[in-house]
Amino acid sequence: MAPDTATGSSQVLAVEGLTVSFRAVAGVVPAVRGVDVTVGAGETVALVGESGSGKSASVLGMLGLFHPDSAAVEAERFKFEDMELSAGRREDLQDLLGTRIGIIFQDPQSSLDPTMKVGKQIAEVPRLRLGLDRETVRRKVLDSLAEVGIRDPEWCASAYPHELSGGMRQRAMIATVMIAGPSLLIADEPTTALDVTLQAQVIDLLATLQEERGTGILFITHDLSLVSEFADRVMVMYAGTVVESGDTEAVVNHPSHPYTRALLESVPRLDGGQVRPIRGRPPDPRDLPSGCPFRTRCDHAHERCEQVEPPTFRLPSGQTIRCWLGEQDGEPC
Amino acid sequence: MKVRTRPDSGTAEAATASTRRLTRAAAAARRRTRATLIMSAGFLAVIVLVSVLAPWITWHDPLDAELVNRLQPPGWLDGGSWSYPLGTDSTGRDLFTRMLFGVRLSLLIGLAAVACGGIIGVTAGILAGYYDEKIAAVGFGRVADIQQAIPFVVLALAVVASIGPSFRNLILILGVGSWLFYYRIVRGEVLKIREESYIDAAKAMGKSDAGILISHVLPNSFAPVIVIVTLFVPRLIMFAAALSFLGLGVQPPRAELGLMISEGRGLIQQAWWLTVFPGALLAGIVLAMNTLGDWLRERLDPTLRVRQ
């Protein structure tokens, strides 16, 4: 039941049946329970969910960024570009990280090393990994800083991170990640720590860079409204599974899973519509309710939800949902 | 209303007056601190310069014994000669020359021992902090615990008894004796640093562990190391002198401050200068280094800076 690639172009990333479990003192915590992700070249896929829904865990897990002692990562299939790899193995991914796969983190305040000049940090991948000579690297660094909209690249390159503003730091971070021209960019809540005007600028910047280079973007966020303007496809995660996924248009305009609907209604809107928080709390992954994990917070829950976890249904509007509500007019896939 | 304003303004005035007094006192204290700092720094600069240039400053050889001139008092006393400005020892060697070379050796020992302990301690601390769960990391901690349970002098005695006293062994003992202080501090720093998102970012850039440790973890854990270094150079100079005094460090006939004090000890009634001058010099160096070290620590440690 691989989700369709909207653009129809080649797939950069294809993951099937991804599971990530953390080893904690209290036992094994299943944070991600069978997730399929595909990202095509030039496509933007948004992974949306509350804190603890497993969105970051799936991405960081499959790239082997968790310590192998603390997390177990498995996938039926993990394909990057044309390479069949094993998910979560850092040795397999080490060469790809930084050069073919770039990751931008949430907090630009702390994702740059405070003791290293910005230019030097940006230069690391071209210098150490691509083995370019000093002059080429210098030019590349200045070019990439200019490209992300920094007005005085010379100054910025020789500044320490604390001398830059939050927005500039996130731009510098983007320059660091984009300098090697990765084919997949993973953005883990890249705008959460920024104020709203900067959010828009950063998103625009990512979109521009994507258009120029055809980078596939996997965008992790909890902000569904941010996603609706930017993403080609949306995957909504809840308690370690994807509960609804499909083209952005379909998901945002015809949200079909009760959780997606609730999520959209809980976003404050300018037209004065009532904000409706989702009642209850996300379940503890160590102690998931039987059947559908969302049923304890769901207005549509009935007996069957308690007994059997729903399979995935494809709806006429194009998206797939993991809810018994899809049984009526959707078909199982 | 008036009734209420009067005491208010009174307290306000009193407050400003007392604030002013405090500010003045603080300013005076700052001036004093500054003067002490400049003196300490100046003294140390002279000491370092003199010890580096020792062979060109003096006209005697530190090991050249002239029994004819034994136990000469300093130049300004009766029977003293300005050829031996601070007098001579029991074998007729020039005290001033021996002090110059003694300081040279003491500084060398201090720096070398700190470098030795620092390299071991910082390396162990970084490895233990970064790979906290690994058995090797646990091993460092246990070794440090065991070592801390043994008094330093006892440890030094045991080591010297087994490998023999020498200049090289002295440095080794002091270095190995102090590694755990660097280890403890650095490990704590690294435990904090490894959770920083720039470490995650570096991992996400595909950097190797070695690359991350050298270019991110090491520089970020270095500020407290500088502070320990400033504390330990004088402390280890002191220890080296103490061990030499006990006969466990530098061996005669070499000139070393602790050894010189020890040699002059028996003659303190006839030739007080043999113990007083080297002792005063040692105390002065350690005092100046500690003063500068304290100042540096206050500058580098933000929790102490708030106080000012």
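In chain B, helix α3(B) passes helix α6(B) in a right-handed crossing, a crossing being right-handed if the near helix is turned clockwise from the far one by less than a right angle and left-handed if anticlockwise. The contact of α3(B) with α6(B) comprises 23 nonpolar residues, seven polar and one charged; Ala, Val, Leu, Ile, Met, Phe, Trp, Tyr, Cys and Pro count as nonpolar, Asp, Glu, Lys and Arg as charged, and the others, Gly among them, as polar. The axes of α3 (residues 95–130) and α6 (residues 167–193) of chain B come within 6 Å and cross at roughly 35°, where axes are lines fitted to C-alpha atoms over the stretch in contact and angles run from 0 to 180 degrees between N-to-C directions.

The model is predicted: local features need pLDDT of at least 70, side-chain atom pairs count only at pLDDT 80 or more, and totals for chains, interfaces and linings use all residues. Residues are numbered from 1 along each chain as its sequence is written, and chains are lettered from A and ligands numbered from 1 in the order in which they are written.

Chain B contains twelve helices and zero strands, helices (H or I, at least four residues) and strands (E, at least two) being DSSP runs numbered from the N terminus. The radius of gyration of chain B, 26 Å, is well over the 19 Å given by the globule rule for 308 residues, so the chain is more spread out than a compact globule; the radius is taken over C-alpha atoms, and the rule is 2.2 Å times the number of residues to the power 0.38. Its C-alpha atoms fill a box of roughly 85 × 70 × 35 Å along the principal axes. Of the 308 residues of chain B, 36% count as buried, that is, with 20 or more other C-beta atoms, placed from the backbone, within 10 Å of their own.

Chain A has eleven helices and 14 strands. Its radius of gyration is 20 Å, close to the 20 Å of the globule rule for 333 residues, so chain A is as compact as a globular protein of that length. Of these 333 residues, 48% count as buried.

Within chain A, the axes of helix α3 (residues 118–129) and helix α4 (residues 134–147) come within 9 Å and cross at roughly 120°. The helices α3(A) and α4(A) are therefore oblique to each other, angles under 35 degrees counting as roughly parallel, over 145 as roughly antiparallel, 65 to 115 as roughly perpendicular and the rest as oblique.

Key:
A residue is buried if 20 or more other C-beta atoms lie within 10 Å of its own, exposed if 12 or fewer, and partly exposed in between; C-beta atoms are placed from the backbone.
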